[in-house]
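Reader: I am new to reading protein models. Can we go through some features, one at a time?

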Amino acid sequence: MIVNPRSIPSHTRCRRELAERITATADHLDQLRFVCSGTEAVMSTMRLARAYTGRTRIMRFNGGYHGHFDLVQNKDEARMLGAGLDPAAMRSTLFADHNDVASAERLFAAHPGEIAAVVVEPIAANMSLVLPEDGFLPWLREICDRVGALLIFDEVITGFRLTFGPSSNLLGVAPDLTAFGKIIGGCTPVGAFGDRRDVMRLLEEQKVLQGGTLAGNPLTMAAGLAILDELGTPGFYEELERKGALLEAAVEKHRAAHWLALTFVCTGSIFAFIFLPPGTPIRRQEDVERQPRQPYTDLYQGMREAGYHLAPDIEDPMYLSAATTDKAI
Ligand SMILES: Cc1ncc(COP(=O)(O)O)c(C=O)c1O
């Protein structure tokens, strides 16, 4: 059938164009579906993984955040069972420690043939900021292949934050499924998920349900296209990195001058203050939680009085934007 492009409704064209522009950013992104939030995107990847593998369990990492549906509610095992949640969801969720191959290996050994997927923030930005150690993500890739589980990258924060596309492009590890959110909708309600065609096919075949009245709505698609135009301007990410480096140098100067017990973690335009002596390994949630709370409270209040609003929660990193001026840094 020959389709006259003019006969395609403009909202469908817009949706297709945004999907094409996002999938063009990474080799592993065969196909993409839009939803209305990051939560929905992650939820759909997990459902797909379960359907594809015929298994139930999902492995995740303490300190990671993947939205607010039952299966992933709360950031660690200790806080998993919030009021109103289905305890069965908890039973199918397994927690390992971030960057800790041994803890993940123990879970794979304890649950052979049961794990449908491993979901991870490739750069963990919900336990302050924790970068992947060399070898951690390649190891996850390798073990998922070995045991037949799917690897899901939750790029709801990192997608289009560090480079024009998913951060997997920088990290050199290709997941089986990716979840996006936030940035790709230019501040409108958005999520998207996708990757392997053979997995996504389960949606087309209607073996896996994915709905959403407002999924891929024209307002969000137009905002997404507009923000991608901005992000795609030459030098956009280099400029953010320059600002990140400027901030790092400024913080380091201050830290050294005042002998502060402070570790500044920064990658591109994401940064976090962790009040532990410089050089302290920051590998997982437990490491971040070791810091005393008062210094960050003092910093937060002092900055507010000076007219700057830092992240109110010590567990949240912060972000430089195109609008952040050198003077503010
Ligand atoms: C890594 C990550 N995944 C998923 C989500 C959920 O996204 P949303 O709040 O759009 O549902 C968030 C939200 O902050 C997130 O940081």
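Reader: Which residues does Leu48 touch, not counting residues up to four places away in sequence?

Author: This is a predicted model, so everything here is computed from it. Leu48 touches Leu177, Phe193, Val199, Met200, Leu202, Leu203 and Val208, once residues up to four places away in sequence are set aside.

Reader: Where is Leu48 placed, and is Leu48 buried or exposed?

Author: Leu48 is in helix H2. Its relative accessible area is 0%, so Leu48 is buried. Distance along the chain is another matter: Leu48 and Leu209 are 161 residues apart along the chain, yet their C-alpha atoms are separated by 9.0 Å.

Reader: At what angle do helix H2 and helix H7 pack?

Author: Helix H2 (residues 38-53) and helix H7 (residues 197-204) pack at about 100°, and their axes are 10 Å apart. Angles from 65 to 115 degrees count as roughly perpendicular. H2 is therefore roughly perpendicular to H7.

Reader: Which residues of H2 and H7 meet?

Author: From H2 there are Leu48, Ala51 and Tyr52; from H7 there are Asp198, Val199, Met200, Leu202 and Leu203. Sorted by class, the contact of H2 with H7 has 7 nonpolar residues, no polar ones and 1 charged residue.

Reader: What is Thr39 in contact with, leaving aside neighbours within four places in sequence?

Author: Thr39, which is also found in helix H2, is in contact with His66, Gly67, His68 and Phe69 when those neighbours are left aside. Thr39 counts as buried because its relative accessibility is 13%, and the cut-off for buried is under 20%.

Reader: How do helix H1 and helix H8 pack?

Author: Helix H1 (residues 10-23) and helix H8 (residues 218-231) pack at an angle of about 40°, with axes 9 Å apart. H1 and H8 are therefore oblique to each other. The crossing of H1 and H8 is left-handed.

Reader: Which residues make that contact of H1 and H8?

Author: On the H1 side they are His11, Cys14, Arg15, Glu17, Leu18, Arg21 and Ile22. On the H8 side they are Pro218, Met221, Ala222, Gly224, Leu225, Leu228 and Asp229. The residues of the contact of H1 with H8 divide into 8 nonpolar, 2 polar and 4 charged.

Reader: How many salt bridges does the structure hold?

Author: The general idea is that side chains of opposite charge can pair when their charged atoms come close. The structure holds 17 salt bridges. One of them joins Arg57 and Glu114, where the closest N and O atoms are 2.6 Å apart.

Reader: Which parts does the pair of Arg57 and Glu114 tie together?

Author: Arg57 lies in strand E2 (residues 57-61), and Glu114 lies in the loop between helix H4 (101-110) and strand E4 (115-120), so the pair ties together parts that are 57 residues apart in sequence. Arg57 counts as partly exposed at 22% relative accessibility. Glu114 is partly exposed too, with a relative accessible area of 30%.

Reader: How many residues apart are Arg141 and Asp145 in helix H5?

Author: They are 4 residues apart in helix H5 (residues 136-147), so about one helical turn separates Arg141 from Asp145. Their side chains meet in a salt bridge with an N to O distance of 2.7 Å. Arg141 is buried, at a relative accessible area of 14%, whereas Asp145 counts as exposed, at 51%.

Reader: What about the salt bridge of Arg290: which residue is its partner?

Author: Its partner is Glu286, and the closest N and O atoms are 3.4 Å apart. Arg290 counts as exposed at 54% relative accessibility, and Glu286 as partly exposed at 43%. Elsewhere, salt bridges that share partners join Arg141, Asp145, Asp176, Arg196 and Asp198 into one network.

Reader: Now backbone angles. What is the phi of Ser128?

Author: Most residues other than glycine have a negative phi. Ser128 is not a glycine, but it has a positive phi of about 60°. Ser128 is placed in the loop between E4 and H5 and counts as buried, at 1% relative accessibility.

Reader: And where is Trp259 placed?

Author: Trp259 is in the loop between helix H9 (236-257) and strand E8 (263-267). Trp259 has a positive phi of about 50° although it is not a glycine. Its relative accessible area is 78%, so Trp259 is exposed.

Technical notes:
Residues numbered from 1 in each chain as written. Predicted model: local features only at pLDDT ≥ 70, side-chain atom pairs only at ≥ 80, totals over all residues. Heavy atoms only, no water. Axes fitted to C-alpha atoms, helices over the stretch in contact; angles between N-to-C directions. Helix = DSSP H or I, 4+ residues; strand = E, 2+ residues; numbered from the N terminus. Parallel < 35°, antiparallel > 145°, perpendicular 65-115°, else oblique. Left-handed = near helix turned anticlockwise from the far one by under 90°. Contact = heavy atoms within 4.5 Å. Nonpolar A, V, L, I, M, F, W, Y, C, P; charged D, E, K, R; others polar. Salt bridge = Lys/Arg side-chain N within 4 Å of Asp/Glu carboxyl O. Buried < 20%, exposed > 50% of the residue type's maximum accessible area, 1.4 Å probe, protein only.
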